[in-house]
Amino acid sequence: MALLERKDMGDMSSNNNSSTGTEVPQNMTIYINNLNEKIKIDKLKESLHAVFSQFGKILEILAFKTLKHKGQAWVVFEDVQSASNAMRQMQSFPFYDKPMRIQYAKTKSDIVAKADGTFVPREKRRRHEEKGKKKKDQHDANQVGAGLTPAYGGAYGTTPPLSQIPYPGGVKSMVPEAPAPPNNILFIQNLPNETTPMMLQMLFQQYPGFKEVRMVEAKPGIAFVEYGDEMQSTVAMHGLQGFKILQQNSMLITYAKK
C-alpha cells in the first residue's frame, strides 16, 4: 500500500479543528477525523470501504495505529467528483456512534502522485511499501485459507439455496420453492465473512423506512434487512443489488421467505 509521508499527514490534519473543507482545493483524497479510536485498523478500513465505495472507485484507504494518527483516515478516490460527493453526503454521518468530520486532504497521496507523474520516490518510503506489501500478501493468503476451511463451507461462506434458509423462527424446508413474493424484509447473500451488522446498517439506512439488520451467526455470508413496507424494501433492493463490500463479493438481494 502506498503511504503518505509522516510530515505530509501531519500537515493535512494539523488544522482539522478549524478547516471546513472549502479552504482546501478540491482533490481526489478526503481526510476524515473524529473516528472511533476503539475500532481496530483492519475493521475500520473495511467499514470505511463499505460506506464510501458507493460514491465511486476507491484507490486506497489509509489509517494508522500510531497515537498521532488515531481517529483519522484518508480515503483516495479515482476522481474528484466521487470525493466531493462522498464528503458532501457523509459529512457528520454517525460512524460507530461518532459523527464523521470530512474535508479535502491538503496533500495528495502517493498513489495519486504516481498517476499524475509528480511522485518522487524516497528510500524510506520504498521500505514502508515493501513491508506493507508483505503484510498484504500474508493477509490475502490468510483470507484464502480461512475461506476454504470446512467451517465456512467455501470461500467467503457459500450458503445453501435461498429456499433452504428460512427467516429466523420459520421451519427449514429442503424442497425447492418459488421466489418469495415482495415484502418488507430483504434476504442478503454472498456477504464477506468480515461483514458486520454495523457495515450493513450504514449501507441500508440510506433508504427510507429502514428498521434493522439481523445476521445469522451460524451462517456467515447472509443477513436479513427489514423496512417499513415492501415499497421501501424494493427501492433499497434495486439501489444496492450487486453492491460490493469487498471486491470479490457482489451482494445478492432477494425478498425473504416468511
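A residue is called buried when its relative accessible area is under 20%, exposed when it is over 50%, and partly exposed in between, for a 1.4 Å probe and protein chains only. The structure described here is a predicted model, in which local features need pLDDT of at least 70, side-chain atom pairs count only at pLDDT 80 or more, and totals for chains, interfaces and linings use all residues. Residues are numbered from 1 along each chain as its sequence is written, and side-chain values use heavy atoms, with hydrogens and water left out.

Confidence is considered before the details. The predictor's confidence in each residue is given as pLDDT, from 0 to 100. The protein chain has an average pLDDT of 75, and 64% of the residues score at least 70. Helices (H or I, at least four residues) and strands (E, at least two) are DSSP runs, numbered from the N terminus. Confidence is lowest in helix α1 (residues 6-13), with a mean of 41, and highest in β9, at 95. The pLDDT is below 50 over residues 1-22, a stretch that has 56 contacts in the model beyond near neighbours in sequence, where contact means heavy atoms within 4.5 Å. Over residues 169-175 the pLDDT also stays under 50, and the model has 7 contacts for them beyond four places in sequence.

Helix α7 spans residues 230-240, and its buried residues are S233, T234, A236, M237 and L240. They lie on the same side of α7 because they cover an arc of only 165° around the axis, the arc being that of the directions from the helix axis to the C-beta atoms. An α-helix has 3.6 residues a turn, so residues three or four places apart point the same way. M231 and H238, on the other side of α7, are exposed. The buried residues of α7 pack against β7 (185-189), α6 (197-204), β9 (223-227) and β12 (252-255). At the start of the helix, a side-chain oxygen of D229 comes to within 3.1 Å of the backbone nitrogen of M231. Just after α7, G242 has a positive phi of about 85°.

Helix α3 (residues 80-90) can be read in the like manner. Its buried residues are S82, A83, S84, N85, A86, M87 and M90, and these pack against β1 (29-33), α2 (41-52), β3 and β6 (101-104). A side-chain oxygen of D79 reaches to within 3.2 Å of the backbone nitrogen of Q81 at the start of α3. The helix is followed by S92, whose phi is positive, near 70°.

Strand β2 (residues 58-62) has 4 of its 5 residues buried, so it is largely enclosed by the rest of the structure. β2 pairs with strand β3 (residues 73-77) in the antiparallel sense over 4 bridges; two strands pair if DSSP finds at least two bridges between them. The bridge partner of L62 is W74 in β3.

W74 also belongs to a cluster in which ring pairs link it with Y31 and F64. Rings of Phe, Tyr and Trp (its six-membered ring) pair if their centres lie within 6.5 Å; planes under 30 degrees apart count as stacked, over 60 as edge-to-face and the rest as tilted. The count by this rule comes to 6 aromatic pairs. Among them, F52 and F55 form a tilted pair, 6.4 Å centre to centre with 50° between the planes. F52 counts as buried because its relative accessibility is 0%, and F55 counts as buried at 13%. F95 and Y96 form an edge-to-face pair, 5.0 Å centre to centre with 80° between the planes. Both F95 and Y96 are buried.

How values were computed
A polar contact is a pair of N or O atoms within 3.5 Å; within protein, one must be able to donate a hydrogen and the other to accept it, and residues adjacent in sequence count only if both atoms are side-chain atoms.
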